Number of protein chains: 6
Amino acid sequence: MRIQVINPNTTEAMTATIEASARAAAGPGTLIEAITPVMGPASIESHYDEALAVPGVLRAVADAPADAHVIACFGDPGLDAARELATGPVIGIAEAAMHAATLLGRGFSVVTTLSRTRGRARDLAARYCPPHACRGVHATDIPVLSLSPESLDRVVALARHALDHDGSDVIVLGCAGMADLCAAATAELGVPVIDGVAAAVTLAESLVRLGLRTSPRDEYAPPPAKLYTGLLTGFAR
Amino acid sequence: MRIQVINPNTTEAMTATIEASARAAAGPGTLIEAITPVMGPASIESHYDEALAVPGVLRAVADAPADAHVIACFGDPGLDAARELATGPVIGIAEAAMHAATLLGRGFSVVTTLSRTRGRARDLAARYCPPHACRGVHATDIPVLSLSPESLDRVVALARHALDHDGSDVIVLGCAGMADLCAAATAELGVPVIDGVAAAVTLAESLVRLGLRTSPRDEYAPPPAKLYTGLLTGFAR
Amino acid sequence: MRIQVINPNTTEAMTATIEASARAAAGPGTLIEAITPVMGPASIESHYDEALAVPGVLRAVADAPADAHVIACFGDPGLDAARELATGPVIGIAEAAMHAATLLGRGFSVVTTLSRTRGRARDLAARYCPPHACRGVHATDIPVLSLSPESLDRVVALARHALDHDGSDVIVLGCAGMADLCAAATAELGVPVIDGVAAAVTLAESLVRLGLRTSPRDEYAPPPAKLYTGLLTGFAR
Amino acid sequence: MRIQVINPNTTEAMTATIEASARAAAGPGTLIEAITPVMGPASIESHYDEALAVPGVLRAVADAPADAHVIACFGDPGLDAARELATGPVIGIAEAAMHAATLLGRGFSVVTTLSRTRGRARDLAARYCPPHACRGVHATDIPVLSLSPESLDRVVALARHALDHDGSDVIVLGCAGMADLCAAATAELGVPVIDGVAAAVTLAESLVRLGLRTSPRDEYAPPPAKLYTGLLTGFAR
Amino acid sequence: MRIQVINPNTTEAMTATIEASARAAAGPGTLIEAITPVMGPASIESHYDEALAVPGVLRAVADAPADAHVIACFGDPGLDAARELATGPVIGIAEAAMHAATLLGRGFSVVTTLSRTRGRARDLAARYCPPHACRGVHATDIPVLSLSPESLDRVVALARHALDHDGSDVIVLGCAGMADLCAAATAELGVPVIDGVAAAVTLAESLVRLGLRTSPRDEYAPPPAKLYTGLLTGFAR
Amino acid sequence: MRIQVINPNTTEAMTATIEASARAAAGPGTLIEAITPVMGPASIESHYDEALAVPGVLRAVADAPADAHVIACFGDPGLDAARELATGPVIGIAEAAMHAATLLGRGFSVVTTLSRTRGRARDLAARYCPPHACRGVHATDIPVLSLSPESLDRVVALARHALDHDGSDVIVLGCAGMADLCAAATAELGVPVIDGVAAAVTLAESLVRLGLRTSPRDEYAPPPAKLYTGLLTGFAR
C-alpha cells in the first residue's frame, strides 16, 4: 500500500526527518511517499502559518491519490478538508499521537515548541480525546526549525516536569520535528513517548488493511464543484 | 470608526447583501467597508471551500487596517489567524450570532443551508457557547448562492420545526446570505431571529468603543516573520 | 435609547461609580438612568446578600420601563426574573464581561473581592461560557465598600499572578466597584481588562439597536399573575 | 431531632400536603416542623416567583433554628443563602430527589407542572448530577395549585412517555404538590418514583445522625454583618 | 431493617473496623450484618485486586438477602452487578461519601491510600458527581492494611494540604480502613470529614424507609440465566 | 509478533468467529492466538456476567504472555486489570472500534444485542471518546448466542435507522459475535462499519510495531503481591 506523508511546511530538511520516522514505522509492503508542498510557510508557528499551510496540503492530497494520507504537523492543518478530497483515510499526527496515548495510560502531557501553539494543541485534544485525557501542554520555547538532536535534554527535562506536575503517565511529542528524539526520550523517561508521525503511519496502515475510509455520508462527501478565482483559481473543482 | 466587513466568498452579490445588513445595523459615525476577497471560492459549502477562503480573508485583513474586522461567513473562516494579524478586534458572524442568542433565551437553534455544513456549525457552538445552548442545527438544503427572498417560507417553516423539536426559544440564521430574511422571519416567528452580520457589527462597535482588542499575550501575538513560497509567496511577513 | 443601570446594593457612592462607568461607555443618544434600589443590602458579599438584593432589583425593573436594563453587580442577581419582567433585554455585568473576554483571548481570569464570592463567579462562568474559558477566580480580600483608587496595586498584582498562574490572556474585574480601576489596570497590565459595567452598557445598546429582546417563548414569558402576601404584598402582579 | 420543612409558597393547603409526606417519611424520634412563610407568592411558577419566595424561606430559617432544614419547592429557592444562615444542614427537594434517583438507576426523567419551569429543573440537574443522569424534564401543564389526586392519570401517562422517550428508569416528581401522588404512581409505573419531600427528610436525618453540616469554610460561612434598608430592613444581621 | 455491609477484601480486622463504623451510624431498629467474603484478595490496591474482589462480593449479595447492601471498599467493586442481583438497594461507600460531600460544600478532596488508586477514585467521581465537585484525590502512600490510629497525623496533614491546594471545603476519606479516623480528623480539621461506611449505611436506611430500590427496568433487571464453567460454575443462575 | 485474542465468554463457537475475524485482519508475520477462558459465563449479557468473565480473562493474560492482548467482548471486561498484568499493550474491542470510528466520521452509532447492555456501551464511549462522538446505542434484542448470518437483515435495518435518527456517519458493531456480519453490512450500508475484533488486532499490531506498551508509571504498574483466599487462591501474586 502507498501512504502519502505530507509535511505541511516547505522545509525539505524537516520532510527528511518526517520521512525517516515514517519509513521506520511502516510495515513491509508499505510505500511511504513523503511530500514537501509546493506552496506555504517554511514552518508553522502561528494560526496564520497554519491556515496558509492548508492550500499546500490540499494540493498534495489532490495531486497524488494514495491509499491513505498523513498530515505531519502537530496542528493537523487541513484535516477536515483533506478528508473530503481523499479517497482513502486521512490521519493527522496530533490525532494519531493522542489516540495512541489514551491507549497506554490515564493521562498524557504534550511537550511542544513555542508557547503560542499550545492553544491549538488543547483544541485538538478537546476534539479527539475524552475530557481530562490531555493533562497539560508544555512549551520548550524552541522554534520549529531550531529543533535538533541537541534539543533532547530540554525536551526530556520538560517531559519529566510534565509527568510530575500533571500527574500524567504518557508523553506526546508536539511537533513532527521532534520525531527523531523519540527513541532517546523514551529511553530516558521510562514511560511511553509518542511520535505522531510513526503513530499516524501505523494507524493509516491499519485502516487501509481493514478497508476503512472516511464516511462519504453527508459532511465528508467530496466537496461540491465550485468556481475559484484569483491566486486560487487552480483549486476549482 | 471604520469596520471592515469581509465576505469570505468571491460573489459580489453576496457582498452586497452583507453590506446592506451591516450598514443597517451600524451606528452613526461607523463606516462600513464591505470587502470581496481577491481570491477564493464563489461560495463556501464544504471544509475545502472554507479552508481555501482563508487566504483571501487574511489578505483583506492585512491590506486594510481597520478599527475592527467582521468575518461574514457562518463558518468564521480564518478567525484565529485574523486575530493574530489585526490591530483591532475581529468577530465572526457565527460567534456574534451565538453570543447574542445566549443573551436572549435558554437555547437556540440554527437554520442553515446545506446539511453537510452542520458539523462546522456544531463545532463553533462548542467553541463559543456553554454546553446545551445550541440545541439543534437544521439544514434547508438550499445552496448558498440560491438563497433569495423566496427562501423565506422554507427558512420560517424549518425554524418553526426547530423551535418545537429542540425546545429552543431563539433562532440563529446560519448563513450570511440569509441576512435579508431576518426582519421578515422575526415578524413571522415571534421569537428573536438573529442575523450574525448585524450582530457582529454592533458587537465590533462595542469593543472598539470600549478600547478593547485581542489580547497580544502569547497565542494571538502577531505571527512570527516567516518565509513563504510558491503561490503564497506574497503572504510572507 | 434609555438604559436603566441598576446597582443592586443600596450604597449611593457605588451607584455613582457605576453611573460614571456606564456614561463613559454609552454612545451618543443613549440615556443612562442609574438606580439605587429602595430596599436591600448595603453591599453584596454572600449568597444571603445576593438573594435579598433581588427584590430591590425587580422593583426597579418593574417601576421604570426602559429600552434595556443592566444589573450592575458581578453576581448578576435576579437576572432570570428580570428577564421575565422587562420588555427590553436585560444584561448582567458578569455576563457582559465574560462574553467580552471570550471574544478577546483564549482564557480569562477574574479578579474579585472576597474569597467567599468565588463560587458564585464560577457558577456564572459555567452558565455563560464554554468550558475552560474561565481559568481562575482570584480574591483580593478587599470588601466591596473598601474598594478605592488605592486598591489598584493589589488588583494589578493579583491580575499579574492570575495571568501567569492560569495561563490566561484577559482579565475580568469581578466587582462593579472596580469599574474606575479599569483604565489604570489596562495601562499597567498590557492585556485587555474588562469592566462589566461598560461592557454591559454597550452590549445592551447593541441588542436594542438590533431590535432584539428576551424571547417571550415559554420560560421567559411574563410571570403569571400571582397573589403575594406579607412584606412582599406589593410584588403581586 | 427537629427538622424544619419549609414550603416556600404561602398556600397553607400545600404546606399540609408537604407536612404529611414529611411525617410519613420521618423516622421515630424525628420532629417535623412544617412552615408556611410569612411573606411571598401563593405558588411558584416563574423565576420571578422563585426569587421572591427566597426572603420568606430565609426568614423561616433564621427564626427557627433546627437540626436540619428542608426547602420544599422543586426550584430549591434560597438553598445557598440558607446554607450560610443555618447551623445544621439544608437540603432542597430537587436536590434530594435527584440524588436518590441516581442511586436507583441509570437515568431519570422529571415530570413537572408548567412548561416554563423546565429550565430551572435542568439547571438544578446540571448542578447536582453527573452529566446525562437527567434525561428529560416533562411538563403536565397543570398549575401548581391545581394539582390534586385527580392529576394522577396525567402524571402517570406523562411518566410512561418519559420512560420510553428518554430511555430512563426512574421518575422524579417535579413539584412538592405531587407528594401525595407518589405511592399511586409507583404502583402504576413499576419503577422507582421519587417524591423529593420524603427523600429530603430522610437525607436530612442521615446527615444529622452523622453529625454532618454545611462546611463553614469560606463560601458558606455565616454571611457578614450588613446594613439592610427599606422593606428588607429586618433582614440586617 | 437488615443491612448487609460487605467488606470486599478478606481481612477480618478490616471487617471489624467497618462493622464498628456501620453500627455507630445505624439507627435504632437497623440490624447491621457485616460480612467478610469467602474468596478474594486480602486488600484492594490495584485494578487486579478490585476485579477479583467482585466474585466474593456477588456471592455475599446472593447468599444473604437483605433490605439493603453496602459495598464497603472505596472502589465500589461490583456495584452494577450487585444491583442486578439484589432485591433491595445497593450503595457503594465512595458513592455515599461523594453524595454526602456535595450536600455539604462546593468541592471536596479525597484523601486515600496508595497513589495508584487515584485513577479509580477519579473515575467514580466522574460517574457520581457533577463536574468539578471532586477537586483532588491525594495519596498518603499508606498501604490499606497498614492503616491504624497512628495514621491520623498523616491523613490530617494531607487533608489540610488538600483543602488549601484544591480550594475545597469538605474531606472524603478514601478507604473503608480510615473509618475509625473520621471523628478525630473532623475535630482537627473543622470541616466536614466523611467516612463512606457511615454515610452509606444511613443512605441505605433512607432508601429502605422510603420503599425505594434499584429500578428493575432494563439495565438492572435480574441477570438472565446463564451457564458458568470452571472455577466459577457455582455462579450459574 | 504474537497477539493473544481472548474471547471473554466460554463458548467455543464464538471464539471461532472471533479468531476468523482476527486472522483476516492480521498482517503477515502476526500470530493470532485465540483463547477461550477456563472459567466464566457462556455469554455476557449483564453486569453480573461481565464481572464474572474477568477472572477468566485475567487468567488467560497471566498464563500466556504475548506481544499484545485483545479482549474480544464489547464490554471490554477486565481491561484495566489486564493492563496491570500484561507486559505488552492490551486493547478492548469496544475501545478499538470507537477509536477507529472517530477517525472516519463525525459521529457513530452502535448496533448491539440486548437493550440492557446499552448502559455499558455508553459508559465506554464516555471513557474512550470525546463528548458527542457516540450518538446512539441501539439494541437488536438478539441474544449473543443467537447471532448468526441470519441476523444481518435486522442489524442492517437497525443501522439504517441509527444513521438517520442519530445523524451519524459510521456504524460500530456492538458485539464480537457480529464480526462475521461486517463485510455484508458494509456492502449494504455504504458507510464504514466497524468490527472491533479486526480493529483491535490491527491497533495492537501498530502499538507493538512502535514498541509501545502500557505506561508502567503509577496506576498501571504491576499489581502489588497479595494473598488471595477461597476459590480465588490461585490468583495470588
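Predicted model: local features only at pLDDT ≥ 70, side-chain atom pairs only at ≥ 80, totals over all residues.
Local features need pLDDT of at least 70, and side-chain atom pairs count only at pLDDT 80 or more. Residues are numbered from 1 along each chain as its sequence is written.

Me: At what angle do helix H4 (residues 93–104) and helix H5 (residues 118–128) of chain C pack, and are they parallel or oblique to each other?
Reply: The axes, which are lines fitted to C-alpha atoms over the stretch in contact, lie 10 Å apart at an angle of about 60°. Angles under 35 degrees count as roughly parallel, over 145 as roughly antiparallel, 65 to 115 as roughly perpendicular and the rest as oblique. H4(C) and H5(C) are therefore oblique.

Me: Which residues of H5(C) meet H4(C)?
Reply: Contact means heavy atoms within 4.5 Å. From H4(C) come Ala94(C), Glu95(C), Met98(C) and His99(C). Their counterparts in H5(C) are Ala121(C), Leu124(C), Ala125(C) and Tyr128(C).

Me: How many residues of strand S7 (residues 134–139) of chain B are buried?
Reply: Buried means under 20% relative accessible area, with a 1.4 Å probe and protein chains only. S7(B) is mostly covered, and the number of its six residues that are buried is five.

Me: What is the bridge partner of Phe108(B) in S7(B)?
Reply: Two strands pair if DSSP finds at least two bridges between them. Strand S6 (residues 108–112) of chain B and S7(B) pair in the parallel sense over five bridges. In S7(B), the partner of Phe108(B) is Cys134(B).

Note on methods
Chains lettered and ligands numbered in written order. Heavy atoms only, no water. Axes fitted to C-alpha atoms, helices over the stretch in contact; angles between N-to-C directions. Helix = DSSP H or I, 4+ residues; strand = E, 2+ residues; numbered from the N terminus. Buried < 20%, exposed > 50% of the residue type's maximum accessible area, 1.4 Å probe, protein only.
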